[in-house]
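Please look through the structure shown below with the following explanation beside it. The text goes from charged pairs to strand pairing, then to the nonpolar cores and a loop.

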Amino acid sequence: MATFGSTNNTNVENVATDHRFTGGVMSEAGTLTDVSVYLAGWAGGATFRFAVYQGGSAGDPTGATLIWQSGQCTDTNGTGGWRTATGSYSQSVSGSLSASRTWIRVKNNDGNLGLTNTDKGDWDSGSEQSNVANSTSVAFASTWESDGSVAAEAIKAYITYTPAAPSFVPRRTLLGVG
């Protein structure tokens, strides 16, 4: 297993109650097995929806293709900490990942995502604005829509994946030559 994204829970400086995303370039292909996000504390229940996309360009995920998304997840815990799609919300996670620009996208109602300016330099990140449905009961689009994204603090989120088997090309050598 390997991870891609921000896996530490240090320097949680701010919280957000809207749509956020973070991304970068994966260096290897693999199979998606889980999505984790750091949630800050809140009062009462909160609903979330997570997604993984690939494509787009640095700082602009427009046009990226949906690889996987959760259903609506309700969290009544109320305390800060890591939540996983498979363990915390019993979501089934799978998808084929290429070595390319990868985005983790989260939208929430009434909950708080842990944010950090410290990690911002390591990840493309932003806050979605105009055209994205606010409700977590609404699924993400299959292609990332143009949404008026702006640079924002990086969310604390990462994916877990199984790296693809390395490709092996046998080479022939001639014995006794030379």
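**Salt bridges, strands and cores**

The count of salt bridges comes to two, in a model that is predicted. In one of these, the side chains of Arg 83 and Asp 75 meet with an N to O separation of 2.7 Å. Arg 83 has a relative accessible area of 6% and is therefore buried, and Asp 75, at 4% relative accessibility, counts as buried too.

The other pair brings together the side chains of Glu 145 and Arg 105, at 3.5 Å from N to O. This pair links distant parts of the chain, 40 residues apart, since Glu 145 belongs to the loop between strand E12 (124-127) and strand E13 (154-155), while Arg 105 is in strand E10. Glu 145 is partly exposed, with a relative accessible area of 22%, whereas Arg 105 is buried at 0% relative accessibility.

How confident is the predictor along the chain? The average pLDDT is 79, and 66% of the residues score at least 70. Among the elements of the chain, the lowest mean pLDDT, 61, is that of strand E2 (residues 14-16), and the highest, 97, is that of E9.

The nonpolar residues come next. The largest nonpolar core has 23 residues, of which Leu 32, Val 35, Phe 50, Trp 68 and Ile 159 touch the most other members. The elements that give two or more residues to this core are strand E1 (2-5), strand E4 (30-40), strand E5 (46-54), strand E10 (101-109) and strand E14 (157-163). Ile 159, when its neighbours within four places in sequence are left aside, is in contact with a set of residues that includes Ala 2, Phe 4, Met 26, Leu 32, Val 35, Val 52, Leu 97 and Ile 104, and also Thr 3, Asp 34 and Thr 102.

The backbone of Ser 90 deserves a look, with a phi near 50 degrees, a positive value in a residue other than glycine.

What surrounds Gln 91, leaving aside its neighbours within four places in sequence? Gln 91 is in contact with Trp 68, Ser 70, Gly 71, Gln 72, Cys 73, Ala 85 and Thr 86. Of these, Gly 71 has its backbone nitrogen 2.8 Å from a polar atom of the side chain of Gln 91, and Trp 68 is one of the residues that touch the most other members of the largest nonpolar core.

How values were computed
Residues numbered from 1 in each chain as written. Predicted model: local features only at pLDDT ≥ 70, side-chain atom pairs only at ≥ 80, totals over all residues. Heavy atoms only, no water. Polar contact = N/O pair within 3.5 Å; in protein donor to acceptor, adjacent residues only side chain to side chain. Contact = heavy atoms within 4.5 Å. Core = buried A, V, L, I, M, F, W, Y, C linked by side-chain atoms within 4.5 Å. Buried < 20%, exposed > 50% of the residue type's maximum accessible area, 1.4 Å probe, protein only. Helix = DSSP H or I, 4+ residues; strand = E, 2+ residues; numbered from the N terminus. pLDDT = per-residue confidence, 0-100. Salt bridge = Lys/Arg side-chain N within 4 Å of Asp/Glu carboxyl O.
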